[in-house]
Amino acid sequence: MFAGSAEIEKAAEVLRAGGLVAVPTETVYGLGANAEDPAALARIFQAKGRPPSHPLIVHIGGAEQLGDWVDEVPETARRLAEHFWPGPLTLVLRRGRRVPLEATGGLETVALRVPAHPVALALLAAFGGGIAAPSANRFGSVSPTTADHVRAELGDAVDFVLDGGPCQVGLESTIVDVTGDTPNVLRPGGVTREDLEAVLGIQLAVPATSHIRVPGQHPSHYAPNAKVVLVEPADVVAEAESAQDRSHRVGVFLPPSLAGTPVKAHAVVAVPESPAVYARELYGFLRELDQRGCDLIIASLPEEKELGVAIANRLRRAAGPRGA
Ligand code: TXA
Ligand code: MG
């Protein structure tokens, strides 16, 4: 099932020829192209239905390559890269000449990360350059965490899919802007604020959940087809049953505190107690409830500390206003 060396060599050739490759990473699957090929980058935006003003993450093969892609490497960036790469951390730095503006949505900064997945790292080594890759989903929908999700969502729009099994983190990387005096967390993810603070020895500002500056993060991002409504954990069952009575096809995220409680609903997902497991499964749950024909999902937020911050962020976005 896992891509082997023949597939990796083929994928590297597709990248060299200006094609698109779906790449497994530890966070989510990416839709990759040669980061230095503007025509290939244009194909990413076309395949995703994403406006070209939304910057991409450039994936590189190792922390020692950081200096090849940026203007300068601030001390904070060097420390974070050394500590967390390969891993679910993206650093925003001043763009080096090598990075075309098509990859950065016209910005003078570039987002870089080294993914912690053997298939992605083998592809980066075989290809030799940087791979620009957003999540391999249509713009605004849920990120794919298996190769099948990518095939179902992008079909022929992607030239080659590398299968690396299900993603182990399951949520997109943490994005930290290190261009200013203090690091700024733009998107919470697999590396938590607590992890960053422990390495840097400083306190970081808690980002206001509704004012994340990252372009490309519309309120409607990460949304399944079903409407998502967030309620207090204690109200999940009553809300779900009342909506089901109003003839909705309700999918329920049953919180661990209510495990085993019977619920009259169309579909029930038992939320895992472990935040790491919940993060890994979250997008799969949303897809599953869509597939089972739910038109409404009733969920609650986990405790917002450590990985719970990123889970809550994605649930809020899934519940955000549509058409934004
Ligand atoms: O885990 C991940 O980060 C996955 C895997 C494939 O690496 N990628 C991913 O890419 O989530 P995407 O394009 O779906 O989200 C990247 C985010 C976007 O919200 C984009 O706006 C932000 O990164 N971004 C990229 N470059 C930026 C920059 N120069 N300044 C600020 N934000 C940037
Ligand atoms: Mg995305």
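**Entry 1: domains.** I began with the division of the chain, which gives domain 1 (5–200) and domain 2 (227–318). I noted that the model is a predicted one. I then looked up the separation of the two domains: their centres, taken over C-alpha atoms, lie 29 Å apart. For the contact between the domains, I recorded 20 residues from domain 1 and 15 residues from domain 2.

**Entry 2: the sheet.** I next traced the strands. I found an open sheet formed by 9 strands, with mixed pairing. Read across the sheet, their order is S7-S1-S2-S6-S3-S5-S4-S8-S9. I identified the edge strands as S7 (160–161) and S9 (184–187), each of which pairs on one side only.

Strand S2 (residues 30–34) pairs with strand S6 (residues 131–132) in the antiparallel sense, over 2 bridges. I noted that asparagine 34 stands opposite isoleucine 131 in S6.

**Entry 3: two helices.** I turned to helix H10 (residues 275–291) and helix H11 (residues 307–318), which pack with their axes 9 Å apart and at an angle of about 25°. Angles under 35 degrees count as roughly parallel, and H10 and H11 are therefore roughly parallel to each other. I recorded the crossing of H10 past H11 as left-handed.

I listed the residues that make this contact. H10 contributes Pro275, Ala276, Tyr278, Ala279, Leu282 and Tyr283. H11 contributes Leu307, Ile311, Arg314 and Leu315. Sorted by class, the contact of H10 with H11 holds 9 nonpolar residues, 1 charged residue and no polar residues.

Conventions. Residues are numbered from 1 along each chain as its sequence is written. Chains are lettered from A and ligands numbered from 1 in the order in which they are written. This is a predicted model: local features need pLDDT of at least 70, side-chain atom pairs count only at pLDDT 80 or more; totals for chains, interfaces and linings use all residues. Side-chain values use heavy atoms; hydrogens and water are left out. Axes are lines fitted to C-alpha atoms, for helices over the stretch in contact, and angles run from 0 to 180 degrees between N-to-C directions. Helices (H or I, at least four residues) and strands (E, at least two) are DSSP runs, numbered from the N terminus. Angles under 35 degrees count as roughly parallel, over 145 as roughly antiparallel, 65 to 115 as roughly perpendicular and the rest as oblique. A crossing is left-handed if the near helix is turned anticlockwise from the far one by less than a right angle, and right-handed if clockwise. Contact means heavy atoms within 4.5 Å. Ala, Val, Leu, Ile, Met, Phe, Trp, Tyr, Cys and Pro count as nonpolar, Asp, Glu, Lys and Arg as charged, and the others, Gly among them, as polar. Two strands pair if DSSP finds at least two bridges between them. Domain bounds come from an automatic or database domain assignment.
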